[in-house]
Amino acid sequence: MSAVAGIDLEVNEGEWIAIMGPSGSGKSTLLNLIAGLDTPDEGSIMVGGEEMSGASLTKRALFRRNKVGIVLQSLNLLADLTALQNVELPLRIAGAKRRSSSVEAMGLLMSLGIGELAHRRPDELSGGQQQRVAIARALANRPAVVLADEPTGALDRASATGVLDVLRAANLAGQTLVVVTHDHRVASHADRIVTLEDGCLI
């Protein structure tokens, strides 16, 4: 059985779509395919006019570095770095100077309500705080496309509202958002909701 099969989905530039469906329906797999983290057995994935399904590992890595911000459920924060350094990292990799990257990263952490935690490491943060650091990191380079898997899953209502405000601001600035969620409050902010079931778009 395929994780996803026969999906024909087009996301317009600057659109915010929510992907919903029961657990195991293929939502996270679809997000990983768009990000180039997984490759399809067949079919085509085009992002920004570039064919990604057959791209090399290097090309897909450069694509993510330059054009995509990703929030995975595993978060993948670097344990030896502070929250601020985790958010700075994509900016530094892209060539930003230390001072400007630090200012940008701190601004994102403050907008997400965790500026006072900037110098703590991930193991000193709660799950919800770590999630907000991961969101800040995904937005740091102002990528053309933001892919987020359950970005409010570990957050209380007030924190989730703050995250949604930040995501909406990114979207209004022209960034394309593809968000996997079980939360209808989150989905209600999207321009469009698509639903997966048993790996198929319904």
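1. A pocket, as the word is used here, is an open set of points on a 1 Å grid over the protein atoms alone, with protein on both sides within 12 Å along at least five of seven lines, and its lining residues have an atom within 4 Å of a point. This is a predicted model, in which local features need pLDDT of at least 70 and side-chain atom pairs count only at pLDDT 80 or more, whereas totals for chains, interfaces and linings use all residues. Residues are numbered from 1 along each chain as its sequence is written, and side-chain values use heavy atoms, with hydrogens and water left out.

2. The mean pLDDT (the predictor's confidence in each residue, from 0 to 100) is 92 for the protein, with 100% of its residues at 70 or more. Confidence is lowest in strand β3, residues 50-51, at a mean of 82, and highest in strand β6, residues 176-180, at 97; strands are DSSP runs of E of at least two residues, and helices are runs of H or I of at least four.

3. Of its 33 lining residues, Leu30, Ile34, Ser44, Ile45 and Met46 are the closest to the centre. Helix α1 gives the most to this lining, with four residues.

4. The second largest pocket holds about 520 Å³ of space, and of the 21 residues that line it, those closest to its centre are Arg64, Val68, Ile70, Pro90 and Arg137. Its lining draws at least two residues from each of α2, β4, α3 and α5, with the largest share, five residues, coming from α2.

5. Pro90 is also among the buried residues of helix α3, residues 83-93, where buried means under 20% relative accessible area with a 1.4 Å probe and protein chains only. The buried residues of α3 pack against α4 and α5, and just after this helix glycine 95 takes a positive phi of about 105°.

6. Within helix α5, valine 133 is buried, with a relative accessible area of 1%. Not counting residues up to four places away in sequence, valine 133 touches, among others, Ala83, Asn86 and Val87, contact meaning heavy atoms within 4.5 Å.

7. Glutamine 129 also belongs to α5, which spans residues 127-139, and a polar atom of its side chain lies 2.8 Å from the backbone nitrogen of serine 126. Beyond its neighbours within four places in sequence, glutamine 129 is in contact with Ile114 and Leu117.

Note on methods: A polar contact is a pair of N or O atoms within 3.5 Å; within protein, one must be able to donate a hydrogen and the other to accept it, and residues adjacent in sequence count only if both atoms are side-chain atoms. Buried means under 20% relative accessible area, exposed over 50%, partly exposed in between (1.4 Å probe, protein chains only). On a 1 Å grid over the protein atoms alone, a cavity is a set of points where a 1.4 Å probe fits but cannot get out, and a pocket is an open set with protein on both sides within 12 Å along at least five of seven lines; lining residues have an atom within 4 Å of a point. Grid points are joined across faces, edges and corners, and a volume is the space filled by probe spheres set on the points.
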